[in-house]
Amino acid sequence: RYFVLDFETGILQYFVNEQSKSQKPRGALSLAGAIISPSDEAPHMLVVYSANGEMYKLRAADAKEKQYWITQLRSCAKHHTEGNSKSISSSRSRSSSLLPPGTVNSASPSGQKHVNQSGPTVVTITHHKSPAAARRVKSQRSGQLHEVREIMSQVEGQQKNLVQAIEALPSSGPLSALDQDLLLLKATSAATLSCLGECLTLLQQSMHQVGQHHSRSLSSEGILGWPGPKSHSTEQLKNGALSSLSSASTSITWAIVPSAAQDGQTLQPSTEHSSSELILVEDEMTDTEDNEEEDLGVMDDQRSVILHLISQLKLGMDLTRVVLPTFILEKRSLLEMYANFMAHPDLFLSIAAGATAEDRIIAFVEYYLTAFHEGRKGAVAKKPYNPIIGETFHCSWDVPADRVKPCRSHGASAPAREPGPEPPAGYKLSFVAEQVSHHPPVSCFYCECREKRMCVNAHVWTKSKFMGMSIGVSMVGEGVLHLLEHEEEYVFTLPSAYARSILTIPWVELGGKVSINCARTGYSATVTFHTKPFYGGKVHRVTAEVKHNPTNTIVCKAQGEWNGTLEFTYSNGETKVIDTTKLPVTRKKIRPIAKQGPLESRRLWQHVTNSLKEGNIDAATEHKHRLEERQRAEERQRAALTTPWKPKYFAKEGDSWLYLSPLWKT
């Protein structure tokens, strides 16, 4: 079939072929209020659910074409849905129209987009209902859903009045605006409205979907259709201050890792920053810090602060500029957290020791799966400090040579060692991280071992969203592991993370599917971090599969818990069990604070860290506030001089950030 998307009218039409496009279309679908979802029913498939009950199943020629059509269809649907909602005059303060989930910002297509998808093997199209049945469904159910929307709008107004009445109370006295029961009432009423909005979206989708396909499309999208009640305190949140909590809060983002640096959270030393600091390895000492984190308890004063925040949030809200309490801070910077992912440097260095390409990617997967339990400090739901622009972190590890052992060969037999110089007695693994960007907030890190001729370069920025009683964080970016001796590059991504049960005892779990690919060897791995089901199921579960793509052969499978026991099964039937809790942690070497530069993490955050260790939350808040004010002043100075920030160790190349002196250049 030949499809035409008319962006101006918001109509998706199809014809028998391109030659018949001047004739009457075989079918047409209005995209106003439509939902466009990817589908795993067939390769490169997407499904368009119209508001009138019809469904088109489309299959593109490849993944790129599929994503292109999803983007354009969603953009068109969003444009016409919002246009319809604006055209409806209403006495209410806002429209409660149903927005299509999964809409994305994209450039509007100019004119019409034509794609010839001839051949039955490329495109299939089916109708969920006949047009007559669709009209009957629309007449029977659209009126009912309209009544539901009307009632929800009324309830939203009542909830807004309730919140305003509570906040109008005095801040102290027998009945104050900070009374715990009233705060709980605000939080639960807002959460209830958000959940009802989600249910309304599910009802609309149930008119178009059946059976298992319904659940698949929901799990693949996960974005709620009803915008939910708009917080009347939005401006207050954007300004980054809650007057009633100013002494107990700081402008940070609550996420597993920071979702963004704050506006103006930049810091430039008074001296020139372009000259590189001299990092003396001789000054490094074994790290003696033992910043173990305790779970967040259910202390009454802490709950009051969290309840006050939750009562002003809505589902899907970006948490970048929401004021959050200091007591949820970890005693380390995000940049140091990335360094802690290298807590098992012997496993990392063993990747290059693999005799075959199969051995090396399996060794990489083994290292990857064992890196998160120490980097994330288990499942404690606290967050590192948001790095400020220009902040750096340096450290290294000394690894005895006898601990770097190649994994046993699972593929071809390993070649005999050729005569040559004896391997060194030990290896030095060096690490540097830097916050290179403010908008978006991008952290980069680079780690290398010259003796092994291997290095990894990565850039990550995070986005967090409020999800009712949870907070979700997406880690955007990628890393590349270079094995220069084998001329191999392994491109990998990172999972999302979720803070659950934020009103009781918060805990963290990882979720999502990540990939590891080596184009040269044809090997790839898929790692899936499974989130706990609502009913039953295990927590922290992970599965992985390593495949040789040219032969479509699975050479290794893994399953277990990323912070517990992992079991690997190889193609020859052998198995291997790794208990992450019993793996030896190699302490990093770091220079004393007195010998660190002014923008190095430990020195920069030392007063906040010390105050948190002492349990003095007010002092920690004050120190962080001073740091933020200093950053804002220097940001304004740079803006006045129109001087862009120039990172010290990394440079942007295309969509990536690369270390200035990587091993592959030197």
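Here is a walk through the model, one selection at a time.

**Before you click**

This is a predicted model, where local features need pLDDT of at least 70 and side-chain atom pairs count only at pLDDT 80 or more, while totals for chains, interfaces and linings use all residues. Residues are numbered from 1 along each chain as its sequence is written, and side-chain values use heavy atoms, with hydrogens and water left out.

**The whole chain**

Start with everything shown. The protein has 13 helices and 28 strands; these are DSSP runs numbered from the N terminus, with helices being H or I of at least four residues and strands being E of at least two. Of its 666 residues, 51% count as buried. Buried means under 20% relative accessible area, exposed means over 50%, and partly exposed is in between, using a 1.4 Å probe and protein chains only. Among contacts with a separation of 6 or more, 67% come from residues 24 or more positions apart. Contact here means heavy atoms within 4.5 Å.

**Stop 1: the cores**

Select Phe348, Leu369 and Phe431. In the largest nonpolar core, which has 65 residues, these three touch the most other members. Helix α9 (residues 357–370) gives the most to this core, with nine residues. A nonpolar core is a set of buried Ala, Val, Leu, Ile, Met, Phe, Trp, Tyr and Cys residues joined through side-chain atoms within 4.5 Å.

Now centre on Phe348. Leaving aside neighbours within four places in sequence, Phe348 is in contact with Met342, Tyr367, Leu429, Met454, Val456 and Leu481. There is also a second, separate core of 18 residues, and Leu5, Leu58, Trp69 and Ile70 are among its members.

**Stop 2: a three-stranded sheet**

Select residues 35–39, 45–49 and 55–59. The open sheet you get runs β4-β5-β6 in order, with antiparallel pairing. Two strands pair if DSSP finds at least two bridges between them. At the edges sit β4 (35–39) and β6 (55–59), each pairing on one side only. Neighbouring strands here are turned by 20° against each other on average, direction ignored. Strand β5 (residues 45–49) and β4 are joined by five bridges; to find one of the partners, pick Ser39 and look across to Met45 in β5.

**Stop 3: Val539 and its loop**

Jump to Val539, in the loop between β21 (523–530) and β22 (541–548). Is Val539 buried or partly exposed? Val539 counts as partly exposed because its relative accessibility is 32%. Not counting residues up to four places away in sequence, Val539 touches Trp507, Lys532 and Glu561. Draw a distance from Val539 to Glu561: they are 22 residues apart along the chain, and their C-alpha atoms are separated by 7.7 Å.

**Stop 4: positive phi values**

Next, pick Asn552, in the loop between β22 and β23 (553–561). Phi of Asn552 is near 55°, a positive value in a residue other than glycine, and Asn552 is exposed, with a relative accessible area of 55%. Glu487 also has a positive phi near 55°. Glu487 is found in the loop between β17 (471–483) and β18 (488–492) and is exposed at 57%.

**Stop 5: two hairpins**

Strands β24 (residues 565–570) and β25 (residues 575–579) run antiparallel, joined by five bridges, and Thr565 has Asp579 as its bridge partner. Four residues lie between these strands, and Gly573 takes a positive phi near 95°.

Strand β27 (residues 650–653) pairs with β28 in the antiparallel sense over four bridges, with Lys652 partnered by Trp657. This hairpin has two residues between the strands, and Gly654 takes a positive phi near 65°.

**Stop 6: a helix pair**

Finish with helix α12 (residues 606–613) and helix α13 (residues 617–640), whose axes come within 8 Å and cross at roughly 170°. That makes α12 roughly antiparallel to α13, a label for angles over 145 degrees. Axes are lines fitted to C-alpha atoms, for helices over the stretch in contact, and angles run from 0 to 180 degrees between N-to-C directions. Show side chains: His607, Val608, Ser611 and Leu612 in α12 meet Ile617, Ala619, Ala620, His623 and Lys624 in α13.

Note on methods:
Parallel < 35°, antiparallel > 145°, perpendicular 65-115°, else oblique.
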